[in-house]
Amino acid sequence: MREQFKNTLWRLALGLALVALPAWAQQYHSNDLTPPYSATGKLQGASKGKQVGGGGNGHAYLLSDNALTAIDLHPVTGYSNSMATSSDDFSQCGYAYSNLGGIHAMKWSGSNSSYVDLQPSGYNFSYCMGVDGNDQGGFAEQQSYAVTASHAMLWHGNSLATDLHPISFGMLFSRVMGVKSGEQVGYDSSYAYPYGDYPTTIHYASKARLWHETADSTVVLHPLGWDASEALATNGTQEAGWAYLAAGTSHQHAMLWNGSAADFVDLHPAGYSDSRVTALTATQQVGDGWVGGLGVAGAVRHALAWSGTAASVIDL
């Protein structure tokens, strides 16, 4: 496997066939999906044999289990770079850099000509982080030297977004990170984090949240006694992500919620310093864990899979 694509393993875990077999009976393998016209690549999401991400050429891609199936989703005109972050059976979403300025949330339906610019009015940056049917979830920001506003957003195939930001709770920033079957999950925060996956950086000011298509429907998932948390994915009835404890030797713990802050399962496995869940099905969860300390020199990040309990973990 090419070094440039070393992140493929845990990103590909999102699209593995997580069939209803006992954990010990399942077979996992990795596959280099770097697009043929790009020297490097990164997978961001997957669903039922489809994978999405971006190539080193700055283009969003859709794949079907094989690098030779790569479809370039990058719009022909109007945008300089693009990235796909999520896929369902029919649609893809992500973002693209507009030639007119700013970053715009995007939706595709399997081709570069099918794109829809989701940029909502009043914002100059937006990102789509999850897609499920006609629902797209993410966030929109107003930036002027610094981020002055970041609101969780829900789209339904066009730029007329529903603002999910829970203004009554006093937080300035919020994001949707996953959507499924009418549920949206993410977090709010008192701090504006930079966009991107920084696995060695903890979002210390976050509180996990759940929505059902309106700002007023928000549910705080942050568990009592923990210092920070984020929900990163949902299967429509359960929510998954992480929670953080400043005290102790293991700080970030993979978490599985059942719709409320009080009803959760700590999935953190023995032998790992930190862990998180990034995607789930009805029966399994996938994510990553650190051996040797989060970001510590010489530490290694491992792709992990669970079946609802900490003891069920499989190191991929």
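This report describes a disulfide, some aromatic contacts and some strand pairings in a predicted model.

Because the model is predicted, local features need pLDDT of at least 70 and side-chain atom pairs count only at pLDDT 80 or more, whereas totals for chains, interfaces and linings use all residues. Residues are numbered from 1 along each chain as its sequence is written, and side-chain values use heavy atoms, with hydrogens and water left out.

**Disulfide**

With a disulfide taken as a pair of cysteine sulfur atoms within 2.5 Å, the count comes to one. Cys93 is joined to Cys128, with an S to S distance of 2.4 Å. The torsion about this S-S bond is about -85°, so the disulfide is left-handed. The link connects distant parts of the chain, since Cys93 belongs to strand S6 (residues 92-98) and Cys128 to strand S9 (residues 125-132), 35 residues apart. Strands here are DSSP runs of E with at least two residues, and helices are runs of H or I with at least four, both numbered from the N terminus. Cys93 and Cys128 are both buried, where buried means under 20% relative accessible area, exposed means over 50% and partly exposed lies in between, for a 1.4 Å probe and protein chains only.

**Aromatic contacts**

A pair of aromatic rings is described by the distance of the centres and the angle of the planes. Rings of Phe, Tyr and Trp (its six-membered ring) pair if their centres lie within 6.5 Å, and planes under 30 degrees apart count as stacked, over 60 as edge-to-face and the rest as tilted. Five aromatic pairs are found in a search of the whole structure, including the two in this table.

| Ring pair | Centre distance | Plane angle | Class |
|---|---|---|---|
| Tyr79 and Tyr115 | 5.6 Å | 80° | edge-to-face |
| Tyr127 and Phe139 | 5.0 Å | 25° | stacked |

Tyr79 lies in strand S5 (residues 79-87) and Tyr115 in the loop between strand S7 (103-108) and strand S8 (116-117), so this pair ties together parts that are 36 residues apart in sequence. Tyr79 counts as buried at 12% relative accessibility, while Tyr115, with a relative accessible area of 31%, is partly exposed.

The rings of Tyr127 and Phe139 form the stacked pair, which links Tyr127 in strand S9 with Phe139 in strand S10 (residues 135-144), 12 residues apart.

**Strand pairings**

Two strands pair if DSSP finds at least two bridges between them. Strand S14 (residues 183-189) is mostly covered, with seven of its seven residues buried. Glu183, Val185, Tyr187 and Ser189 point one way from S14, and Gln184, Gly186 and Asp188 point the other way.

S14 pairs with strand S13 (residues 173-180) in the antiparallel sense over seven bridges, and Val179 stands opposite Gln184. Two residues lie between the strands of this hairpin, in which Ser181 takes a positive phi near 50°. S14 also runs antiparallel to strand S15 (residues 206-211), joined by six bridges, with Ser189 opposite Ser206.

An open sheet of four strands has the order S21-S22-S23-S24, with antiparallel pairing. Strand S21 (274-280) and strand S24 (314-315) stand at its edges, each with a single partner strand, so one side of each is left without a neighbour in the sheet. S21 is joined to strand S22 (residues 285-291) by six bridges, and Leu280 stands opposite Gln285.
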